[in-house]
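Please keep the sequence and the model side by side while reading.

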Amino acid sequence: MFREANERAKAWEERHRLEGDAELYFCECANPDCLEKVSLREADYERIRSDSRRFVIVPGHEVPDVETVIERNEGWSIVEKAPELGPTVEALDPRGDG
C-alpha cells in the first residue's frame, strides 16, 4: 500500500521543488497502520526499487520471520522479503506486470 503511495507521489512536480536532494517517502513496512516517513535521495529509492523484493523502512520496523535487513542507514533501512514471497511482491509491484 505504501509502496504504491510512494510511486504516485514521485510524479508530483511540487514534491521535487519542496524537498530538494532528499525526499520524504512512506515507510514501506508490513504494518498497515504505520504512518512514519523516511528521508532519502531519489537515487537511493530507485536503487531499492530496482528489486521488487526490497523495501525501505524505518529502522526497527522489520519482520524477521519474512524479511532480512540488508542495509542500514541513518534514518532508514532496506529489507528484502524472503524468496518464497517473491511471486507475491512481484505481482503487487506497481511497476511490474502483475
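## A buried tyrosine

Tyr25 is buried, with a relative accessible area of 0%. Buried means under 20% relative accessible area, exposed means over 50%, and partly exposed lies in between (1.4 Å probe, protein chains only). The model is predicted: local features need pLDDT of at least 70, side-chain atom pairs count only at pLDDT 80 or more, and totals for chains, interfaces and linings use all residues. Residues are numbered from 1 along each chain as its sequence is written, and side-chain values use heavy atoms, with hydrogens and water left out.

How many aromatic pairs are there? The count comes to one. Tyr25 and Tyr45 form that pair, which is stacked, at 4.3 Å centre to centre and 15 degrees between the planes. The pair links distant parts of the chain: Tyr25 sits in strand β1, Tyr45 in helix α3, 20 residues apart. Tyr45 is buried too, at a relative accessible area of 0%. For the rule, rings of Phe, Tyr and Trp (its six-membered ring) pair if their centres lie within 6.5 Å; planes under 30 degrees apart are stacked, over 60 edge-to-face, and the rest tilted.

Glu23 and Tyr25 make up the covered one. Ala22, Leu24 and Phe26 make up the uncovered one. Glu23 counts as buried because its relative accessibility is 2%. Its side chain makes a polar contact with the side chain of Tyr25, at 3.1 Å. A polar contact is a pair of N or O atoms within 3.5 Å; within protein, one must be able to donate a hydrogen and the other to accept it, and residues adjacent in sequence count only if both atoms are side-chain atoms.

β1 pairs with β2 in the antiparallel sense, over five bridges. Tyr25 stands opposite Val38 in β2. Two strands pair if DSSP finds at least two bridges between them.

Cys27 lies in the loop between β1 and β2 (37–41). Is Cys27 buried or exposed? Cys27 is buried, with a relative accessible area of 1%. Cys27 and Trp76 are 49 residues apart in sequence, yet 8.5 Å apart in space, C-alpha to C-alpha.

A disulfide is a covalent bond between the sulfur atoms of two cysteines. The working rule asks for cysteine sulfur atoms within 2.5 Å. By this rule the count comes to zero disulfides. Cys27 is in no disulfide, and the nearest cysteine sulfur, that of Cys29, is 3.7 Å away.

## The arginine in the α3–β3 loop

Arg53 lies in the loop between α3 (42–49) and β3 (54–57). Arg53 counts as buried because its relative accessible area is 17%. Which residues does Arg53 touch, beyond four places away in sequence? They are Val79, Glu80, Lys81, Ala82, Pro83, Gly86 and Val89. Contact means heavy atoms within 4.5 Å.

Two polar links stand out by name. The side chains of Arg53 and Glu80 are joined by a polar contact of 3.2 Å. The Arg53 side chain also reaches the backbone oxygen of Lys81, at 2.7 Å. Arg53 and Pro83 are 30 residues apart in sequence and 8.1 Å apart in space, C-alpha to C-alpha.

## The β4–β5 hairpin

Strand β4 (residues 67–73) pairs with strand β5 (residues 76–81) in the antiparallel sense, over six bridges. Arg72 stands opposite Ser77 in β5. The two strands form a hairpin with two residues between them. Gly75, in the turn, has a positive phi of about 95 degrees.

## The whole chain

The protein chain has four helices and five strands. Read along the sequence, the pattern is α-α-β-β-α-β-β-β-α. Helices (H or I, at least four residues) and strands (E, at least two) are DSSP runs, numbered from the N terminus.

Buried residues make up 37% of the 98 residues. Among contacts between residues at least 6 apart in sequence, 47% join residues at least 24 apart. The accessible surface comes to about 5900 Å², and 50% of it belongs to carbon and sulfur atoms. Accessible areas come from the Shrake-Rupley method with a 1.4 Å probe; for residues, only the protein chains shown count as cover.
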